[in-house]
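The exercises that follow ask for a reading of nonpolar cores, helix packing and a single side chain. Each task is followed by a solution that goes step by step.

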Amino acid sequence: ALVMIQWLILISSLLVFMLGSYVFLFQYHERLGRYFGLFCFLTSVWIFVSFLFRLDTDNLFLLRLTYVLGIWIPSLGYLWISTLVGKQIRITTLLIFGIFALVFCIIAISSDKLISSIDEVYVLGYKGENGFLFYPYLLYLVMYTIYLLYLLIRAYFYFSGIKKEQIRYIL
């Protein structure tokens, strides 16, 4: 089962990368295409690092790197979703979220305050020692994701036609 999951993770990474590359290259002239392409690229790298971690399960650095990459995905999601729904991108919002992401990024890669150790790796997770900042990190990601879902749901009820269908596919 673990080998099958590893292949699925690798294939997912490649598919997301190809989708993002296609959109980025062929819709580069539009902000929406650029933001979506960057979002897909980062997501594919994050998935690929997760794949590498499954190959080398004792590598704490790779696990921490997944947390470093994962913290930036919502920020690119904010750019992409805000552009999609026609919401003005507020630099202050982006800076606030960016500062939190940068702090968590530095903490995740350089210390054991987020992830301390790996005890056992399962098919879709691991058992290990979390640092005391793990739950604030998790709360940050959950709150950011809820905010992005809020933007999408609000836009879904506001728009009609093709834009509404696009948002429905995302949701």
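Contact here means that heavy atoms lie within 4.5 Å. The model is a predicted one.

**Exercise 1.** Determine which residues Tyr 137 touches, not counting residues up to four places away in sequence, and which residues have the most contacts inside the largest nonpolar core.

Solution. Begin with Tyr 137, which, once residues up to four places away in sequence are not counted, touches Tyr 67, Gly 70, Ile 71, Phe 104 and Leu 114. Next, turn to the largest nonpolar core, which has 42 residues and in which Tyr 67, Ile 71, Ile 81, Leu 114, Tyr 137 and Tyr 140 are those with the most contacts. The elements giving two or more residues to this core are helix H2 (31–55), helix H3 (60–85), helix H4 (91–110) and helix H5 (134–158), and H3 gives the most, with 14 residues.

**Exercise 2.** Are H2 and H3 roughly parallel or roughly antiparallel to each other?

Solution. In general, two packed helices are described by the angle between their axes and the distance between the axes. For H2 and H3, the axes come within 9 Å and cross at roughly 160°. Angles over 145 degrees count as roughly antiparallel, and H2 and H3 are therefore roughly antiparallel to each other. As for handedness, the crossing of H2 and H3 is left-handed. Sorted by class, the residues in the contact of H2 with H3 are 21 nonpolar, 6 polar and 1 charged.

**Exercise 3.** Describe how H5 passes H6, and state which residues make the contact.

Solution. The axes of H5 and helix H6, which comprises residues 162–170, come within 9 Å and cross at roughly 145°, and the crossing is left-handed. From H5, the contact is made by Leu 152, Ala 155 and Tyr 156, and from H6 by Lys 164, Ile 167, Arg 168 and Ile 170. Divided by class, the residues of the contact of H5 with H6 are 5 nonpolar, no polar and 2 charged.

**Exercise 4.** Decide whether Ser 44 counts as buried or exposed.

Solution. First locate the residue: Ser 44 lies in helix H2. The cut-off for buried is under 20% relative accessible area, and Ser 44, at 2% relative accessibility, therefore counts as buried. Last, leaving aside neighbours within four places in sequence, Ser 44 is in contact with Ser 13, Val 16 and Phe 17.

How values were computed
Residues are numbered from 1 along each chain as its sequence is written. This is a predicted model: local features need pLDDT of at least 70, side-chain atom pairs count only at pLDDT 80 or more; totals for chains, interfaces and linings use all residues. Side-chain values use heavy atoms; hydrogens and water are left out. A nonpolar core is a set of buried Ala, Val, Leu, Ile, Met, Phe, Trp, Tyr and Cys residues joined through side-chain atoms within 4.5 Å. Buried means under 20% relative accessible area, exposed over 50%, partly exposed in between (1.4 Å probe, protein chains only). Helices (H or I, at least four residues) and strands (E, at least two) are DSSP runs, numbered from the N terminus. Axes are lines fitted to C-alpha atoms, for helices over the stretch in contact, and angles run from 0 to 180 degrees between N-to-C directions. Angles under 35 degrees count as roughly parallel, over 145 as roughly antiparallel, 65 to 115 as roughly perpendicular and the rest as oblique. A crossing is left-handed if the near helix is turned anticlockwise from the far one by less than a right angle, and right-handed if clockwise. Ala, Val, Leu, Ile, Met, Phe, Trp, Tyr, Cys and Pro count as nonpolar, Asp, Glu, Lys and Arg as charged, and the others, Gly among them, as polar.
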